[in-house]
There are 2 protein chains.
Amino acid sequence: MATPSRNKLFFGSFIHSKTLAELEYLHGTAVAVDSAGKIVAVAPGHADPAAAAAALFPTLGWAPADVDIVQAKSESHFFFPGFIDTHLHASQYPNVGIFGNSTLLDWLNTYTFPLEASLADPAKARKVYTRVIRKTLAHGTTCAAYYATVDVASTNLLADLCLAAGQRALVGRVCMDQLSPAYYRDESPAAALAATRASIAHIEAIDPTLSLVRPVLTPRFAPSCSAPLLKGLGALAAERPDLPIQTHISENKNEIALVKELFPPSATGAPDDSYSSVYDAFGLLTDRTILAHGVHLSEFEAELIAKRGAKVSHCPCSNSAITSGAARVRWLLEKGVTCGLGTDMSGGYSPSVLEAARLAALVSRHVAMGGDDKAKLTVEEVLYLATRGGAEVVGLQEWVGRFEVGMDWDAQLVGLGTVDAEGGVEGVEEGEEEDGNVDVFGWESWAERVAKWVYNGDDRNTRKVWVKGRLVHERK
Amino acid sequence: MATPSRNKLFFGSFIHSKTLAELEYLHGTAVAVDSAGKIVAVAPGHADPAAAAAALFPTLGWAPADVDIVQAKSESHFFFPGFIDTHLHASQYPNVGIFGNSTLLDWLNTYTFPLEASLADPAKARKVYTRVIRKTLAHGTTCAAYYATVDVASTNLLADLCLAAGQRALVGRVCMDQLSPAYYRDESPAAALAATRASIAHIEAIDPTLSLVRPVLTPRFAPSCSAPLLKGLGALAAERPDLPIQTHISENKNEIALVKELFPPSATGAPDDSYSSVYDAFGLLTDRTILAHGVHLSEFEAELIAKRGAKVSHCPCSNSAITSGAARVRWLLEKGVTCGLGTDMSGGYSPSVLEAARLAALVSRHVAMGGDDKAKLTVEEVLYLATRGGAEVVGLQEWVGRFEVGMDWDAQLVGLGTVDAEGGVEGVEEGEEEDGNVDVFGWESWAERVAKWVYNGDDRNTRKVWVKGRLVHERK
């Protein structure tokens, strides 16, 4: 899968988010990426790659023989930033689609804890983690914020496998020392902190500059962590201001009631009993914190989260599937909270951030049906959440999420099918398989083509995927 | 695509709905289908096809040389009834995914009427209709209740193309003589009725026994039909009690207000101004009537619909996409209303009934979030709606929807991928494309495999499709 590190010139149409509301369409454009995977030029307005090369290579000091040219074939192919999955449990992947009629707390005990615990078996962990990395890469996920399990060895294995596959990742060992089954939890706060440090040390050893894989502090969620554990993690977060933090918040109403019961102000020292204040009291509500869900946050909590600069990972597939609720993304954005998208496998059923984007649009319409018509998210907005928003959520907005000089080349080549006069697809022979469900008839605007991709696209449309300039997935 | 009409013996696992709540799993089973496409034997409990043949052929009077054997390969392949799409607009297919932030009434004028009108061009109609038939067959839709357009010639072409492709279909010429653009409507009630009769005559000419394709009376929806047109269609429905009727009802709140304004009891003679009573007053609310949507029906209306025996096509993708509302399917079922699923392209964005089933489950969870936890639909229930429920909705419950002696063989072969120890898929070589997103790890129950299919399956999992015994789609 690894390709030699050479300079590359990508040519064709590039689409990325300019703002939350607006996509930028760059046609006839060349993007030069150096051997380190960095974008060194973005040059629109060229007739073909040769013209772009003639204009760019002298200024870059590149010899044509040292450059690989990657051209997007036709008018229905385009380069798009890689997706950022801001919340998923690699260890739950085998359970996607299996949740019955459960909701969060029974779902954890029935489906989730037994599977996670079983990944202490290294062979099983290797099979599952290899698969989830391959699958998410195939769906264009160039960066993923993973929860592994409580087990250090298999958490470390996940980091090893991400590095080998070339997927950018945050990898978190799960901390949980209470309200979890005896067969699956940290023995004590001290043991949890030691295990967390061990996993951090491993990841820093395999990727010393943290250029691709980095550790993330991961208290599972407040109910499964004792106050001493949360306090210890807050202290570790203060000691290591370079590390991101990830956890869950306000996913389900019973969960929220449980947090109020477990963490009254008398136990936390917080001024109130809100879920957000619990994390805040322990020093875990920071500008490096990724909060998954945020479905039932109060006005006060949204304001506190915005004030602290913590981010929200919106997980619509999961929130609908396990009947958690419909998160008010527009409202969060207007409160000044940065949001991205998470597949949240296996609360969420799909490995695809594109599916999460689609569901984010649909769920926002369910919020709108409640009376707030401006809650609706557009195609442009959900794609922003899937890329630039996600980059901010995981703290990598200076590295990935858009095509600009100085950013890393984390990208996907997207191809849509063009219907021919006989109702087949251009370039596909009778009897051959057609590549996906996006049918372009020829009269659509670019904005309409992108909408078709969002609503009917899948991994078949993601033809190639690069991370830091390296080709990490290709459809034959 | 056509295969010679020979006897066939299907062998392997068969799954179909026993009741709304329960799937039946028949393993090691043989289903014998005669050359007319009818199921003549269902025989569980055989070790292999040879054993089944030895037991069955003598009683059927079949010589082994005259029988094609179709065996489902492994433990992750199974036969399932073909899907029934109870509501879609073939003519809107090119617009799937293109709806912006619109809702019903502006969506019609902005996106829909211009496209439908343009299909009076026969070349364009052929391209679009060929494509939608090919696409829906690929997704396992063996029977579709189509709306075409106002134009007779292209409506007839749609029927011709369904017959040629071997897709079972209801084909309706759209009746609309008011509140529609001048460039796209029937000139008068009389013209609408004459055009409808012309299309019926064509379909009866090409398929005299209506064994595959049948006409359906299609008043678009009340607002676009004048009272004389509705009255004329009611009279035609009485004259032709063999013909089904399809229309829309109670999709959107503004639409409902419009109906109340256009059709007060003084104009219809109905006892009240409900949407359902309008159709009832004109003789169009019958046990042959397919009502698309039914999102905002009142208690009174649901009871009236149940009393008349009319059916509801639930279109969750559409209802969420164009922000119509969340239909209360459980409530309708408890009222005694028969329900099936519709893709409702292009209000709905997907050609897949499996996607409609998935969304039906998710939307039912949004209904549950409103407070009624029993609103949630299970995997088993949405698959019932997609097959047996749909068969009842289109009036073909004695022909299709389950595997029983005397029924037609309308079926799909579903294949799921099995993950190997290295995180690849069994039977797929390194570098080859994997077939779909359903990953079976090996420890899942059959019910869990089916759930995985519902939540992550797509057309790649539909390996072969038959209608009336004829192979109409196959993935290479």
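Copies are superposed here by least squares on the C-alpha atoms of residues with pLDDT of at least 70 in both. In this predicted model, a rotation of 180 degrees superposes chain B on chain A, with 0.0 Å of shift along the axis and an RMSD of 0.0 Å. The two copies are therefore related as by a two-fold rotation axis. Within chain B, the C-alpha nearest that axis belongs to B:H366, at 3.9 Å from it. Both copies use the same surface, since 100% of the contact residues of chain B recur in chain A.

Next comes the extent of the interface. The contact involves 67 residues of chain B and 67 residues of chain A. The size of an interface is often given as the accessible area lost when the parts come together. Between chain B and chain A, the buried area is about 5600 Å², and carbon and sulfur atoms give 52% of it.

Polar and charged pairs also cross between the chains. There are 34 residue pairs in polar contact across the interface of chain B and chain A, counting pairs with both residues at pLDDT 80 or more. The interface also has 6 salt bridges. A:D439 and B:R131 form a salt bridge in which the closest N and O atoms are 2.6 Å apart.

On the side of chain B that touches chain A, at least two residues come from each of α3 (122–138), α11 (316–321), α13 (353–369) and α15 (446–456) of chain B. The largest share of this side, 8 residues, is supplied by α13(B). Sorted by class, the side of chain B that touches chain A consists of 24 nonpolar, 21 polar and 22 charged residues.

Technical notes: Residues are numbered from 1 along each chain as its sequence is written. Chains are lettered from A and ligands numbered from 1 in the order in which they are written. This is a predicted model: local features need pLDDT of at least 70, side-chain atom pairs count only at pLDDT 80 or more; totals for chains, interfaces and linings use all residues. Side-chain values use heavy atoms; hydrogens and water are left out. Contact means heavy atoms within 4.5 Å. Buried area is the accessible area (1.4 Å probe) that two parts lose on being put together, summed over both. A salt bridge is a side-chain nitrogen of Lys or Arg within 4 Å of a carboxyl oxygen of Asp or Glu. A polar contact is a pair of N or O atoms within 3.5 Å; within protein, one must be able to donate a hydrogen and the other to accept it, and residues adjacent in sequence count only if both atoms are side-chain atoms. Helices (H or I, at least four residues) and strands (E, at least two) are DSSP runs, numbered from the N terminus. Ala, Val, Leu, Ile, Met, Phe, Trp, Tyr, Cys and Pro count as nonpolar, Asp, Glu, Lys and Arg as charged, and the others, Gly among them, as polar.
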